[in-house]
Every structure is written in C-alpha cells, then in structure tokens.
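Some notes for discussion follow, on one helix and one interface. Please read them next to the coordinates.

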Amino acid sequence: MLDTLRQLIDKHARLPVKADTLADGQDLYAAGLTSFAAVQLMLALEEAFDIEFPERMLNRRSFATMESIAACINELRPQALAS
Amino acid sequence: MSSLVARAQLVAAVAAQYSDHVDKEGRFPSEAVRAMKEARLLSAYIPREFGGEGADLAEIAEVVSVISQACASAGMTYAMHQIKVSSVISHGDKAEWHQEFMRRISREQLLVASATTEGGIGGNLRNSICAVERLAGDRFSLVKDGTVISYGRDADAILITARSAPDAPASDQVMAVLTKDQYKLELTGVWDAMGMRGTCSDNFKFSAEGDVAQILPNDFGEIAAKSMLAICHILWSAVWYGIASSAVSRAQSFVRAEARRNPGQTPPGALRVAEAANMLQLMRSNTIAGLSRFATAKTNDDDLGSVGFIVAMNNIKIGASRMVVDIINHALLITGINGYRNNTPYSVGRHMRDALSAQIMISNDRIFGNVANLLLMHRLDPSLAA
C-alpha cells in the first residue's frame, strides 16, 4: 500500500520532493504539504482505495505522515494493506 | 488592580479623545497604547506564572471590543499584539527563552508586532521566501524584504516567519521572536490607506540577528493551524463587533434625539435601528460562538487540527467581516447627512472606512476558496449542540 501511497502523493500532494525520498514516518507538512493539497490527496485516496474518511479522521494528525495515512486506510479497509 | 474590563474602559476613554486625529493624520494611537501599558493590559493574556494575569480569550476579546468602540486602530493594535503573544504562550511555554520573554512582556509591557507577510508570496502567509541562516555559536540571521509590519516602528519586539533553512521548501516555516535591539527596519512603503489608518501598517525591509533559542520550538504550520488562525479570526471579529456597536450606538442616539424633539411620533429611522440591532445581535452571537468553539477545541488536539474546526473559524471571520459593513451602512441610512459628515456626534465615516478593511484582511475570496476545497471532504455538522 505504501507504494500506491507514494504514487498518489507524487501526483496530488504537490511536494517539492519525490515521495521516494521521504521516510514513512516523516512529517509531510514539514516537507511542504499544504492544507489545500492535503484535501486533494484525501480525495485521491478515497477514490483509489474505495473508502470514505469519516469526520474524526479529517485532522492534521491523520495526514501528517505516510504511516499515519496508512493506519487510517488500514482501519477503514484492512484488506487494502495487501494491495 | 481593577477588573480587565474596567481598565479597558479607561483605555477606551483615552482612545476616544484621539481617534479622529489618529484617523485624519494616519498616525499611531500612541496615547491609547501608552494607556494600555499603564493599565498593564499588554500582559493580560500571559499566564500568571510568567507575570501576566492569565485571562482567557473571551476576556481578551471583550477588551478588544471595548477599545475598538472608541478607536478601531487602537483596538486592532491590541488585538494583533495579543495574537502574537498567544503564539508565544501556546508554543513557547516550555522553552526557557520564551518563558523569560513572557516575563519581560509582563514586566516592561512590551508591544509585540508581526511580520508574517513578504513581498512576492502573493498574500499566502504559509509561504516564505526568506530563510533563517545559521551562524556560528548558535546564532542566526534573517533578512525579510517587503514585509508589512503594523505599528512596526512603535513595537518593542516582532514575531517573524521564515523558511527553517536556506534549502527548505516555501511552506517549511519557523517563527522567531526578535527584540527591538536586535533588528533593523528599513521603511520601503508608507501606510496611507482608506481606513485603519492608525495601525501604520508600513512596509519594511527587516534584518536581524539573534540566538537560535529565540525560534519557537514548533514549526509555523502548526502554530498557524493550532492557535494563530483561530485567535486571529476571533479577535478580529471582536474589533469589527466593537466598530459595529459604536456605529449602532450613534445611530440610536440620533433617533432618540429626534424622538425627543417630536414626542408622540416614532422617527422614521427607528425601524432601521431595530433592524441594525438585530444584525448586531447576530454578529455578537457569531463571535461568542467562535469563542466557545475555540474553548472546546483547545482541550482536544485532534479537534484543534480538524477540518471542521478550520471551516468553523473561517466562517466566523467571513460572517463578521460581512455583517459589519451592512450594519454600519444601516447606521448611515439612519443618521443620513449627519452620519456622512465627519464632524458631527453621529459621524460613521471612520467606522465605515475602518470596517471595509475586514473583508480584505486575508481576503474573503481567498478564505472562501480554502473553505470550498475543505468542503470537498468535510461534512457540515447540523447539530445545534455546542
């Protein structure tokens, strides 16, 4: 799933660096993620993993790192881990 | 010491004497700010352990509103100072340098200004071009060009944003506190504006050197998201509510004077006063709702960082900034030529010009754009429960 995540980040998160260069636990906001791009990334994740983020996950912490995003997706759709 | 509100009223009485002069000359409301210092209002928000009074945001908002009823430039200066102080309180309370800085604010009643804008960033505070350059011996230097610093020349310290390092992306920002003896300001543009003329929001080239310890520990993105945005919108709303209240009060006085002259007849403006009072109540509810939403969120980090919270705070600002203009326009319709003229007890021209700044202090269009994006994800909460 982290590979898919990196692809989506490259496509939607508008970071100045490639997702490959970021560690799983690295702060995406510090790497340049804006709140605008975060929403675009969330929408892309919903589409790609066929999930819907509930309101409680729509906060800064859930989208702060690839690990935290993966944890959210995993909680919503455990089988996504394998994809 | 008397209550905060009682002291705010004293400051307002001073501010009222000079508000027209401040507006006309476009000068800093120095008498009002001196009165704030004498009344020790600049440290009201700082926790008691650092020499302040530990007031909550609702109390600060009330002080802002009381002063703004007399002079919006003085009220806005006080609000902007507290917005900066709040960043130090929320994000520097564990850092030794910032703890001592809070003690200094309390002791010396320092006025703190802000340098978050920069020439070339297109109005987006979450981007910086300038960067912190590390020097030997845990020192740093910083040069920021074309930054608007309200009351920059009269401030005792400035909170400034910059990229964390010369190779950091534009949004990887830090915020540093620099004191007057550490920075140099080169005036590059003079504030000569339609309203809010006393905030003296001149443009400067800012250059400074300081200790690395003066940089707030949290990155600016977090400071902006978790305290600055909300407090900014709430305290600005309190300024605008103060302006609106003052205009309605003048309109009401006008109608009452007319009613006394013609007993037995309801003056034509009376109905509009009722309408303006209705809008003023909405505006008041809006600001109070913002205060209570913030008080709830403050105790829960996830809520504070949530999309729903950002949407709510942005809506507080948009609501207040739109209503204030509408309300003052009503006051103008009521007072007519007496309100339109600048030299009557019913004048509302300064109110109107000051209030028009509300919709462009962080442009409402930009905020609507951000909210529009957030609403692609966030589902609005239909509950009336606070």
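1. For the interface, two residues are taken to be in contact if their C-beta atoms, placed from the backbone, lie within 7 Å. The model under discussion is predicted.

2. On that basis, the contact takes 19 residues from chain B and 16 residues from chain A. On the side of chain B that touches chain A, two or more residues come from each of α6 (220–261), α9 (307–335) and α12 (364–374) of chain B. The most is given by α12(B), with three residues. Sorted by class, this side of chain B has six nonpolar, eight polar and five charged residues.

3. Confidence: the model has an ipTM of 0.81 and a pTM of 0.93. For chain B the mean pLDDT is 96, with 100% of its residues at 70 or more.

4. Helix α1 of chain B covers residues 4–25, 22 residues in total. From first C-alpha to last it reaches 30 Å, close to the 32 Å expected at 1.5 Å a residue. After the helix comes G26(B), with a positive phi near 60°.

5. Which residues of α1(B) are buried? They are R7(B), A8(B), V11(B), A12(B), V14(B), A15(B), Y18(B), S19(B), V22(B) and D23(B).

Terms used
Residues numbered from 1 in each chain as written. Chains lettered and ligands numbered in written order. Predicted model: local features only at pLDDT ≥ 70, side-chain atom pairs only at ≥ 80, totals over all residues. Helix = DSSP H or I, 4+ residues; strand = E, 2+ residues; numbered from the N terminus. Expected span 1.5 Å × (residues − 1). Buried ≥ 20, exposed ≤ 12 C-beta atoms within 10 Å, placed from the backbone. Nonpolar A, V, L, I, M, F, W, Y, C, P; charged D, E, K, R; others polar. pLDDT = per-residue confidence, 0-100.
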